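Let's take a friendly walk through a protein model together. Keep the viewer open, and turn the structure as you read.

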Amino acid sequence: MPANEIVGLDPGEMFVHRNVANLAPSQDANYLSVLQFAIDVLKVKHVLVVGHYGCGGIAAAVDGARRGLVDHWLHPIREVAHERKDELAAYTHDRERLNRLCELNVIRQVRNVASDVFVQDAWARGQPLSVHGWVYSLSSGLITDLNVTMTGGLG
Ligand SMILES: [Zn+2]
């Protein structure tokens with residue numbers, strides 16, 4: 001699904017970075033380069049962390065199977081799942097539990113983006129910038145705003 005179509009923007013109005021399970025790890029030079037370019041050069045006002053329900057990457061993170069390098073990439077999701085295991089255990093259906101994990105992962109990645117030095121520096125110099133967390137449903141075409149928007153320090 002082209003990202004600009006989800007939000008009704010024309011091609012080129014949105015600078016998009018994609019990876020498996022929409023992660024924003026602070027050691028990933030590719031993600032960090034995209035983030036800095038977007039903030040410092042393009043001067044974007046909104047950073048959107050957008051996950052999607054039914055995400056195969058989220059499911060793969062916690063199904064116990066071994067896939068190789070991607071298991072390392074998906075490690076942050078297992079950390080979130082571990083930290084929130086009581087909440088997640090309350091879901092009786094796997095699909096609902098995994099969809100909640102999709103949301104929890106987006107919320108964590110919003111925090112990662114917001115705590116990044118490029119974002120912190122932009123806020124320190126008064127540059128308008130918000131970081132939002134959304135989850136997209138491929139089946140309904142609808143976006144869920146998780147209401148975790150950050151517009152200033154971590155508070
Ligand atoms: Zn996915």
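This is a predicted model: local features need pLDDT of at least 70, side-chain atom pairs count only at pLDDT 80 or more; totals for chains, interfaces and linings use all residues.

H52, with 25%, is partly exposed.

Next, look at helix α5, which spans residues 75–83. Here I77, V80 and A81 are buried. Why do they lie on the same side of α5? Because the arc they cover around the axis is only 100°. As for what covers the buried residues of α5, the list includes α3 (56–62), α6 (85–89) and α7 (94–115).

Two further buried residues show how helices pack against other parts of the chain. L35 belongs to helix α2, and its relative accessibility of 6% means that L35 counts as buried. Setting aside neighbours within four places in sequence, L35 touches V47, V113, D116 and V119. L35 can also be placed relative to H17: the two are 18 residues apart in sequence, and their C-alpha atoms are 8.7 Å apart in space. The other residue is N4, in helix α1. N4 counts as buried because its relative accessibility is 16%, under the cut-off of 20%. Beyond its neighbours within four places in sequence, N4 is in contact with L9, D10, P11 and M14.

Now for the charged side chains. How many salt bridges does the model contain? The count comes to seven. One of them pairs D40 with R125, with an N to O distance of 3.0 Å. This pair links distant parts of the chain, since D40 is in helix α2 while R125 is in the loop between α8 (117–124) and β2 (130–136), 85 residues apart. D40 is partly exposed, with a relative accessible area of 24%, and R125 is also partly exposed, at 48%.

Another salt bridge joins E87 and R100, whose closest N and O atoms are 2.6 Å apart. It too links distant parts of the chain: E87 sits in helix α6 and R100 in helix α7, 13 residues apart. E87 is partly exposed, with a relative accessible area of 26%. R100 also meets the side chain of E103 in a salt bridge, at 2.7 Å from N to O. E103 and R100 both lie in helix α7, three residues apart, or about one turn of the helix. Both E103 and R100 are buried. Through shared partners, salt bridges join R84, E87, R100 and E103 into one network.

Turn the model to view its surface. Which residues make the nonpolar surface patch of about 370 Å²? F15, F37, V41 and L42 do. Of these, F15 is found in the loop between α1 (3–6) and α2 (29–41). F15 has a relative accessible area of 43%, so it is partly exposed; that value is over the 30% required of residues in a patch.

Finally, check the backbone torsions. Most residues other than glycine have a negative phi. K43 has a positive phi, near 55°, although it is not glycine. K43 is placed in the loop between α2 and β1 (46–52), and it counts as partly exposed at 48% relative accessibility. N147 likewise is not glycine and has a positive phi near 55°. N147 lies in the segment after β3 (143–145). Is N147 buried or exposed? With a relative accessible area of 66%, N147 is exposed.

Terms used: Residues are numbered from 1 along each chain as its sequence is written. Side-chain values use heavy atoms; hydrogens and water are left out. Patches are made of residues with over 30% relative accessible area and no salt bridge: like charges are joined within 9 Å, nonpolar side chains (Val, Leu, Ile, Met, Phe, Trp, Tyr) within 5 Å. Accessible areas come from the Shrake-Rupley method with a 1.4 Å probe; for residues, only the protein chains shown count as cover. A salt bridge is a side-chain nitrogen of Lys or Arg within 4 Å of a carboxyl oxygen of Asp or Glu. Helices (H or I, at least four residues) and strands (E, at least two) are DSSP runs, numbered from the N terminus. Buried means under 20% relative accessible area, exposed over 50%, partly exposed in between (1.4 Å probe, protein chains only). The arc is that of the directions from the helix axis to the C-beta atoms. Contact means heavy atoms within 4.5 Å.
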